[in-house]
Amino acid sequence: MAAGMCSLLLLSLLLLCIVGSCKLCHASWNKNYCYDDELCPGAVDHDTRGGPVAGKLNVHLVPHTHDDVGWLKTVDQYYVGSNNSIQVAAVQYVLDSVILALQEDPNRKFIYVEQAFFQRWWREQSKHKRKIVKRLVKAGQLEFINGGWCMHDEASTHYVDMVDQTTLGHRYIKKQFNTVPRIGWQIDPFGHSAIQAYLLGAEVGFDAVFFARADYQDIAKRRIDRTMEFVWQGSRTLGSTAQILGGVLSHHYTPPDGFRFDIQSREPPIQDDLLLYDINVQEHVDLFVKLAVEQGKEFRTNHIMWTMGDDFAYENANTWFKQIDKLIHYVNKDGRVNAFYSTPSIYVDANHAQNVSWPLKIDDFFPYADCPHCYWTGYFTSRPALKRYVARQLEFLIGKGKVGLTTDSLEEAMAILQHHDGVSGTEKQHVADDYAKRLALGAAEAEELVGSVLPILLSSKLEARHRKESSSEIKIVPSVSSSYRSQSLQEVSYFSVNTETLLKVQQCSLLNISYCPPTEADIVSGKSLVVVAYNSLGWAREELIRIPVTNSILEVKDSKGNIVSSQLIPISSGAKKVRNIYISDGSQNKHPIFWLAFHASVPPFGYNSYFVTTSMANIPNQASKSVVEKLNTNDTVVLKSHDLTLSLSRSNGQLMHFENRRTKTNASIQQSYCWYNASDGNTSEGKYQASGAYIFRPNTSTCFPVGDPDSYAPSTIIRGTLVDEIHQEISPWIFQVVRLVKTSEHVEVEFVVGPIPIDDELGKELVTRLYTNISNVGEFYTDSNGRDFLKRVRNYRSDWNLNVTEPIAGNYYPVNLGIYLKDNEKEFSLLVDRALGGSSLIDGELEVMLHRRLLHDDGRGVAEALNESICISNGEPCQGLMVQGQLCVNIDPVGNAARWRRTQGQKIYSPLQLAFTVIPETDHSTVITPEFSSVIAGYELPPNIVIITLQELDDNNLLLRFAHIYEANEDAELSEVATINLENLFAHRKIDKVSELSLSANQLRSKMNTLKWKLESGFQMVENPVRGAPIQDGQFSIEIAPMEIRTLRIKFKNDE
């Protein structure tokens, strides 16, 4: 049969050739081939031109890739494409492929975000390839969106770190392409902060910010109300002066189902070759129109956006672009809707041109849930040790390259860690290890740099600025890497110093676990341990310093030879336990016996030196020994500072009462530890949803107490001249020190928790609760990225009627600075030393989650239980991670608490930095400059202003950022405009010119021309927000209004 049909076909063709043209015969024989320049049979010349069309629904197709800067693989593995057994992803090939594809068609467009990857790729490219890329950027085919080093998290990040990583990325884009990003693109973070809207949005110069993740109940209502896009005023203080268009993406950040064209996609591509089978053009067009029209009903204009991409998409760019080409061609040929290549900038401009009114959104988008039992509030606390590592402060630094060292690796490591799967704690363990390694290497480099510059300062005298350098003199520029939270005003000065006799200075990066080799060494007779305390704030500070020592007969003197009162405090059992586990240099059996505590007075933006020596026994000047006693009666224990009285139970050491005699504040107060049983997902409701790295889901609302207060191990009370403490062992895995410094009006609670036991095969989420008699009627306040405080209401959302399905997890919020509650008389505040999750679940109570150890994955992609362990190399079995930290607690009259929260919060964020050296006791001449301040003598910043960035730029100018740390009406005196005379900050330099820049320092503030958005009638705006006056030419003073951050570029006059 087959042979007969073949013969019949050949005969037919032969007859066709006889009666027809030879050309027709040739075409019939070769219908699938093409030998000339004409369009071949079956081929289509796809028309990809296009743009907005009035009167039609316009679908903006935005090709993009979302490239995590670490998650399942490390940042380097993602870039090069290694470790593909975990995930097939190689960003270098994404960029290679996209650049080639864009060159094939000038109508194609692509957006890119993560500069951590792009800059790796850029430095590998030839000059020819760089020219091509610059041409694509200039033509608008390649557009940088967001433009930070990463797409930062918005819950566990501090606003300074968010600014720093954004500035780093924007700096490269400006330098390489002379362009500035216009749009925020936070498509994957797990909730969105008010700070992102007004600070990292409007103040950066963005016209809009888009994201994909919002609460499932919120999105459902927004689709109905057509409020998927809105004017977002994140700051109640700055109001409309810092507003931005916000938008929730309709289909996450992927295309709608049916239009995912990745090479690994299971969805059919568009097949339009008429010479092949399975033609499906019309099916795709009909589906496209249907979905577009449905989406159009959720939005306010005739413009909608489709995100054509996904995680690590476009590794083979043609699999996307060829299909989008076809889509545009056939949809526009159909004519029912209009489709074209676009970018978010084009989309925003098109929406703005419609001149419609928009609804108002205030505050933030926390907490986020994607199903009834799926609240993404666990990551607020996940990996608490890593979160604290980010919060560490380390160094004061010299200018770039002046001693051959830089902090570039530290700056990049900090920027990478702000990624939304970095500091959030939602990465695989090996990736968390990689983040920590990068921080450690960067920190070591910074410590080496500190060890190079500090001896110069200590061993030199300030001389004339115009003196020429000799071979033994070094020109130094104290400066600050904005990435590591430390400031020292930039002073270019000549210090006469013999570099061959410089002191050797050391730092103690593990001082937090009572380990500091230079202070633990025997301070032999005839030697002095020099303790240098550096203050990175613009205010003079007097604070208690504590260093571990092995000698009990010591005395402390200041740089003028005056005796400084000091106290020896026994090291707690919890601190010893941590040290034993984490220090493996053989020093476990040589524990320091005491903390040596003394008060240090340090000038603004400067340092002071203190000298510790051995002392004669039983003389008045030596450090006083603490009085130690066990608590074993039922009497009340009273600890007193100058103004504060703290009452505790003598039987178990628990807090009972708080009294501030100065403010006449009294309140009962209690504390407890308890743990939530993490769900394993084996439940009737929300089946298979376990608690994990992202999601907090307790099995029940019960928080199980840790130990019985009546059976606690006997507590130890420590009394002394400077500080009183209660040392408590709550359980074998929870230790606590309640500390009251004599000059303080707040209580410090130092905790050591872990390893969390899992022998019972139950995952545990540990919290501490503090109870008062304050009636807050369900209201409490948490900070937004360490800046504004936002009001929270238990079991309530302002944007929709909340269906309460998780009464615990659904009321948790991120805490970076603090959390407080209040009634008509008192405010109860708790400050933290790292990002944590917190809430007020019953009136009068605050709780924060301190640590999590889980046994199940929560099904959100990381595919790994959050079970952090430490493995010692000596053959000991691995054990769960231990975490040490500190909380600060205070109760104030209403209206007085903000000052304590803001001031103490800055001190926690920017602690005094310590460095150590040893000199002959009788010869202090080697420390020529024991005390130093960069500012004019007697000057300090106003108490409502901090400097958050002070960094030497590549052009030798100075980048300087001031932040006002109070909101409007937060404090009766300090919520006011402050004026700074810049010349007071530079004792040895003369300012030539001051220019104000955008927040990310990539454009002049005066050139920022962001789009203005019209609000719907009836929406309330902040009335008359106050802003500081613009800087005039030749003016060296600046006004800073509440919640403002002002970014300056300062040019100094040349030395003569």
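This is a predicted model: local features need pLDDT of at least 70, side-chain atom pairs count only at pLDDT 80 or more; totals for chains, interfaces and linings use all residues.
1. Confidence. The protein has a mean pLDDT of 88, and 88% of its residues reach 70 or more. Residues 392-403 fall below 50, yet this stretch has 58 contacts in the model beyond near neighbours in sequence. Residues 463-496 likewise stay under 50 in pLDDT, with 147 contacts beyond four places in sequence. Please keep both stretches in mind while viewing the model.

2. The ten-stranded sheet. This open sheet runs S24-S30-S31-S32-S33-S44-S39-S38-S35-S36, and its pairing is antiparallel. At its edges lie strand S24 (627-630) and strand S36 (789-793), each of which pairs on one side only. On average, neighbouring strands are turned by 20° against each other, direction ignored.

3. A pair within that sheet, and a helix on it. Strand S39 (residues 826-832) and strand S44 (residues 883-893) run antiparallel and are joined by seven bridges. Here Leu831 stands opposite Cys888 in S44. Helix H18 (residues 897-909) packs on the sheet, where it touches S36, strand S38 (818-822), S39 and S44. The direction of H18 makes about 10° with that of S39.

4. The five-stranded sheet. This one is also open, with the order S4-S5-S7-S6-S12 and mixed pairing. Strand S4 (183-185) and strand S12 (360-362) are the edge strands, each pairing on one side only. From one strand to the next, the twist averages 30°.

5. Three bridges link S4 to strand S5 (residues 208-211), and the two run parallel. To find the pair on screen, look for Gly184, which stands opposite Val209 in S5.

Definitions and conventions:
Residues are numbered from 1 along each chain as its sequence is written. Side-chain values use heavy atoms; hydrogens and water are left out. pLDDT is the predictor's confidence in each residue, from 0 to 100. Contact means heavy atoms within 4.5 Å. Two strands pair if DSSP finds at least two bridges between them. Helices (H or I, at least four residues) and strands (E, at least two) are DSSP runs, numbered from the N terminus. Axes are lines fitted to C-alpha atoms, for helices over the stretch in contact, and angles run from 0 to 180 degrees between N-to-C directions.
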